Amino acid sequence: MEIKRDFLLDRLMNLRHNNMIKVITGMRRCGKSYLLFNLFSDALKAEGVDEQHIVKVNLEDRRNKALRDPDKLLEYIDSRLQDDKMYYILLDEVQLVSEFEDVLNSYLQIKNVDVYVTGSNARFLSKDVITEFRGRGFEVRVHPLSFMEVQKALREEPIEQLWEKYLTFGGLPQVVTMTSDKERVAYLKNLFKHTYLKDIKERYNIKLDSDLEDLIRSLASTIGGLTNPRKIADTFRSVKKSTISQDTIKAYTDYLQDAFIIERALRYDIKGKRYIDTPSKFYFEDLGLRNALLNFRQVEKTHLMENAIYNELRTREMSVDVGEVIWNTKDIEGKKIRKTLEVDFVCNQGYKRLYIQSAFSIPDDEKRDQELQSLRRIEDSFQKIVIVGNHSPRYQNEDGIIFMDIYDFLMDKDSVE
């Protein structure tokens with residue numbers, strides 16, 4: 001089964017020959033290599049590029065171990081450049097090469113070379129490479145499959161059934177192509193233990209791995225909840241009797257973010273127009289991996305839907321924060337009180353902004369008012385949306401707030417435009 005990733009492929013094709021290193025980042029097994037070595041390579045050949053002018057090196061392949069030496073890699077690539085026609089250099093998992101920045105830098109001044117690299121660690125790639133090249137490195141972020149991409153690959157399944165499966169097993173391409181739940185469960189559990197966890201332990205020389213594993217599970221069980229390193233460290237001390245410090249917790253969460261396993265959403269004071277550093281929320285890049293960490297025991301659809309919406313917004317290249325609205329009101333006794341209301345997502349893309357509430361169900365007017373409290377108290381004119389978890393007609397209420405169901409939101413990339 002070939003899963004097409006048209007948006008990402010079109011983006012790569014449009015970035016050709018821009019005199020920049022194209023840095024393709026994302027978590028392991030999310031489809032970076034397939035995008036580059038199969039979809040992109042095939043698209044180049046379909047446009048008439050000779051296969052000899054597409055130089056592919058999979059640095060994760062043991063047979064290419066010698067090419068992890070920067071000088072050997074330079075020598076090999078140079079040996080493939082035989083004429084003045086354009087060459088496309090495709091390097092997979094380039095962070096395995098020592099001094100890889102120097103290797104890539106060597107090709108920035110060669111006019112007939114266009115370089116594309118993939119990597120699975122933000123610290124070694126998207127941060128260092130773009131800094132190293134001072135604006136001549138361009139990051140393309142690859143996420144696991146969106147729900148729309150999954151639906152296009154598995155059209156024969158009812159959309160409701162597919163949504164349940166997506167919330168449970170996520171969107172890693174290998175998982176989506178599997179035919180049994182037992183196979184998916186085993187794959188996700190092994191992937192976490194033998195790939196993601198192993199990578200982090202080895203890269204950062206972590207000895208007390210039980211604390212790292214417990215931290216990941218703690219974050220997995222509290223998606224959609226505000227937390228911070230101090231709060232987590234206090235919990236570890238009281239429950240685990242662990243002496244782990246909040247500085248170590250902070251370092252571990254940074255490692256998880258660098259490996260693209262989780263993302264941190266900052267709080268944003270909408271009226272005060274300022275960021276609040278802590279506490280914040282963490283969301284998992286892939287729901288299947290999150291659920292596997294908890295042995296598929298905590299599958300609360302309210303929180304899973306919120307995480308899925310966050311992931312979809314990030315796939316659409318929006319920056320996403322957690323909104324906060326301060327409301328000055330009175331209690332039942334008439335005393336002035338100050339309430340803090342939450343907006344699930346404050347989304348920005350260039351000059352555009354929108355506010356989104358995730359509501360798995362709205363069974364009555366009381367629940368509806370609860371969901372709308374914060375949105376009604378935002379005084380600007382940007383679009384406000386409530387996404388509901390069950391089939392319902394799209395409409396706009398008297399406050400100008402748009403209601404749409406989760407399927408309308410996920411199946412139309414322009415649904416919130």
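Trainee: What volume does the second largest cavity have?

Mentor: Start with the general idea. Rolling a probe the size of a water molecule over the atoms shows where empty space is left. Keep in mind that this model is predicted. Here the second largest cavity has a volume of about 70 Å³.

Trainee: Which residues line the second largest cavity?

Mentor: The lining consists of Val150, Leu154, Leu162, Lys165, Tyr166, Phe169, Gly170, Val175, Val176 and Arg184. Helix H7 (159-169) and helix H8 (173-176) each give at least two of the lining residues. H7 has the largest share, with four residues. By class, seven are nonpolar, one is polar and two are charged.

Trainee: How many cavities of 30 Å³ or more are there?

Mentor: The count is three.

Trainee: Which helix gives the most to the lining of the largest cavity?

Mentor: Helix H14 (residues 301-315), with four residues. By class, the lining of the largest cavity splits into six nonpolar, six polar and three charged residues.

Trainee: Now the open spaces. What is the volume of the largest pocket?

Mentor: The largest pocket has a volume of about 950 Å³. It is lined by 37 residues; Phe7, His143, Thr315, Arg316 and Glu317 lie nearest its centre. Elements giving two or more residues to this lining include helix H1 (6-14), helix H6 (147-153), helix H12 (246-258) and strand S6 (262-269). H5, S5 and H14 are also among them.

Trainee: How do the lining residues of the largest pocket divide by class?

Mentor: There are 20 charged, 11 nonpolar and six polar residues.

Trainee: And which residues lie nearest the centre of the second largest pocket?

Mentor: Arg29, Gly31, Tyr34, Pro173 and Gln174, out of 19 lining residues. This pocket has a volume of about 400 Å³. Helix H2 (32-46) and H8 each supply at least two lining residues. H2 has the largest share, four residues. The classes are eight nonpolar, four polar and seven charged.

Trainee: On to the sheet. In what order do the strands run?

Mentor: Read a sheet by strand order and pairing sense. Here five strands form an open sheet, S2-S3-S4-S1-S5, with parallel pairing. On average, neighbouring strands are turned by 15° against each other, direction ignored.

Trainee: How many bridges join strand S3 and strand S4?

Mentor: Five, between residues 87-92 of S3 and 113-119 of S4, in the parallel sense. Isoleucine 89 stands opposite valine 115 in S4.

Trainee: Which strands does helix H3 lie across?

Mentor: Helix H3 (residues 70-80) lies across S2 and S3, and runs at about 155° to S2.

Trainee: Where is confidence lowest, and where is it highest?

Mentor: Where pLDDT is low, the predicted coordinates should not be read in detail. The protein averages a pLDDT of 92, with 96% of the residues scoring at least 70. Helix H5 (residues 123-132) is lowest, at a mean of 60, and S2 is highest, at 98. H5 is also one of the elements lining the largest pocket.

Methods. Residues are numbered from 1 along each chain as its sequence is written. This is a predicted model: local features need pLDDT of at least 70, side-chain atom pairs count only at pLDDT 80 or more; totals for chains, interfaces and linings use all residues. Side-chain values use heavy atoms; hydrogens and water are left out. On a 1 Å grid over the protein atoms alone, a cavity is a set of points where a 1.4 Å probe fits but cannot get out, and a pocket is an open set with protein on both sides within 12 Å along at least five of seven lines; lining residues have an atom within 4 Å of a point. Grid points are joined across faces, edges and corners, and a volume is the space filled by probe spheres set on the points. Ala, Val, Leu, Ile, Met, Phe, Trp, Tyr, Cys and Pro count as nonpolar, Asp, Glu, Lys and Arg as charged, and the others, Gly among them, as polar. Two strands pair if DSSP finds at least two bridges between them. Axes are lines fitted to C-alpha atoms, for helices over the stretch in contact, and angles run from 0 to 180 degrees between N-to-C directions. Contact means heavy atoms within 4.5 Å. pLDDT is the predictor's confidence in each residue, from 0 to 100.
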